[in-house]
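Please read the following report alongside the sequence and the model.

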Amino acid sequence: MPKNQTGIQGTQKPVRTGRKRELPPHIQADVDRVADVVAAGFRSLTWHQLAQEMYQYAYMALNSAMRRTDKLMELVAKSNTPLELSDGDRSTLHRNSGDRAVIAVMTINVAMEEFPKVLMKGGYDPAGNPGKDGKFKALKSFFVTRCGLVFPRIFNNWKEERTDRFLRHAKAHMEGWRLAHALGQYDVGQAPPDVVALCDTVTGMIDTLRPRNRAVWHMTIEGYTPGEIADALEIKLGDVNNALYTFRTKIKTLRQRGELVIPPTLEAEWARRRELDARKAVAR
C-alpha cells in the first residue's frame, strides 16, 4: 500500500483525471495535508498545526469582514441562516473590536468543530470544485467560507444573549420612584404630583430605548458611574457616554420646545443644589 508524504500508510492521493486541471504546488500541498490528517484521524501534530494556521487566518478574515457590511454579506451569502443587520448592529461590528473578537472566536470554534466531518466527506476538493472564478481555493480560504456558513447563527445567538443581558440589568433597576429620588431627593411616596407626572413621562421615554441604552439609564438613575455601567454591561465607556448624551439632548430639545415642563418645585430644588455646590467649591 502506498505511503503519503508523512509516511502514514494507506492514504490515497487525489486522482487526477483528464477533466481536472493540475493543481498549483501550494494547493496540492493543502490537498496532501488534508489526506494526512484524515488518515491520522485528526489526532496528529499535523492537524494541530493546520488547525492553528486556519484559526489565525480566519480570525483576521472575520474581523476584516465585520468592519464592512458588503464583505460580510458576501461571506455569509450561502448560509442557510439569514443575517439581518440593523444600523446599530453595523455600528457595533464596525466600531467595537472587543465584540468583533468575541464573535470571531465563537464562529471559528463552531466551524472548527464541524470541519473534520467536512474533510472526511471530501468537502475540500479544489480540483473538482475550482470555484466560480476558476481559481483554486486554498484550504485556509475554504475554512473561512465554512465560517461564513455558521456566522449568521452565531451572530444571532450572540445578539440575543447580549440583549437578554441588557434587559436583565434594565429590569433590575427600573423602579420608577428612583427617578423622583434622583431628581429631587424625595423619599418613596413623598414626591409632589407634578414631579411624579414628570418622572412617569421620562421613565416611559427611557423604557422605549433599545435595551442597551435602557439599561444604561436605569443604572445611571440608581447612581452607578459610567465606568461601573460599562463594566457591568460589558460595553465600552464611550457607548455609555453616547447613550447618556443622546437621551439628555432629546430631553433638552423637548424642554426648549415646551413639550416637557419641569415643575417649579423641582427647579427650586436644583437651584438650591447648585448654590450648595458653589459654596463647597469656594470653601475648598
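Predicted model: local features only at pLDDT ≥ 70, side-chain atom pairs only at ≥ 80, totals over all residues.

Residues are numbered from 1 along each chain as its sequence is written, and side-chain values use heavy atoms, with hydrogens and water left out.

**The chain as a whole**

The chain has 12 helices and 0 strands. Of its 284 residues, 39% count as buried, a word that means under 20% relative accessible area, with exposed meaning over 50% and partly exposed in between (1.4 Å probe, protein chains only). Among the contacts in the chain with a separation of 6 or more, 69% come from residues 24 or more positions apart, contact being defined as heavy atoms within 4.5 Å.

In α1 the buried residues are I27, Q28, D30, V31, D32, V34, A35, D36 and V37, and what covers them includes α2, α5 and α6 (139-172). After α1 comes G41, whose phi is positive, near 70°.

Helix α9 (residues 211-221) is largely enclosed by the rest of the structure, because 10 of its 11 residues are buried. Those buried residues include R212, R214, W217 and H218. After α9 comes G223, with a positive phi near 110°.

**The packing of α2 and α5**

Helix α2 (residues 45-66) packs against helix α5 (residues 97-120) at an angle of about 135°, and their axes are 9 Å apart. Axes are lines fitted to C-alpha atoms, for helices over the stretch in contact, and angles run from 0 to 180 degrees between N-to-C directions. The two helices are therefore oblique to each other, given that angles under 35 degrees count as roughly parallel, over 145 as roughly antiparallel, 65 to 115 as roughly perpendicular and the rest as oblique. Residues making this contact include W47, Y55 and M66 of α2 and R100, I108 and F115 of α5. They divide into 17 nonpolar, 3 polar and 1 charged, where Ala, Val, Leu, Ile, Met, Phe, Trp, Tyr, Cys and Pro count as nonpolar, Asp, Glu, Lys and Arg as charged, and the others, Gly among them, as polar.

| Residue | Relative accessibility and class |
|---|---|
| R162 | 11%, buried |
| P152 | 0%, buried |
| H94 | 37%, partly exposed |

R162 has its place in helix α6 and, not counting residues up to four places away in sequence, touches T92, D99 and I235. Leaving aside neighbours within four places in sequence, P152 is in contact with V76, S79, T81, P82 and L83.

H94 belongs to helix α4 (residues 87-95), and its contacts, leaving aside neighbours within four places in sequence, are with M66, R67 and R100. H94 and A65 are 29 residues apart in sequence and 9.3 Å apart in space, C-alpha to C-alpha.

Definitions and conventions. Helix = DSSP H or I, 4+ residues; strand = E, 2+ residues; numbered from the N terminus.
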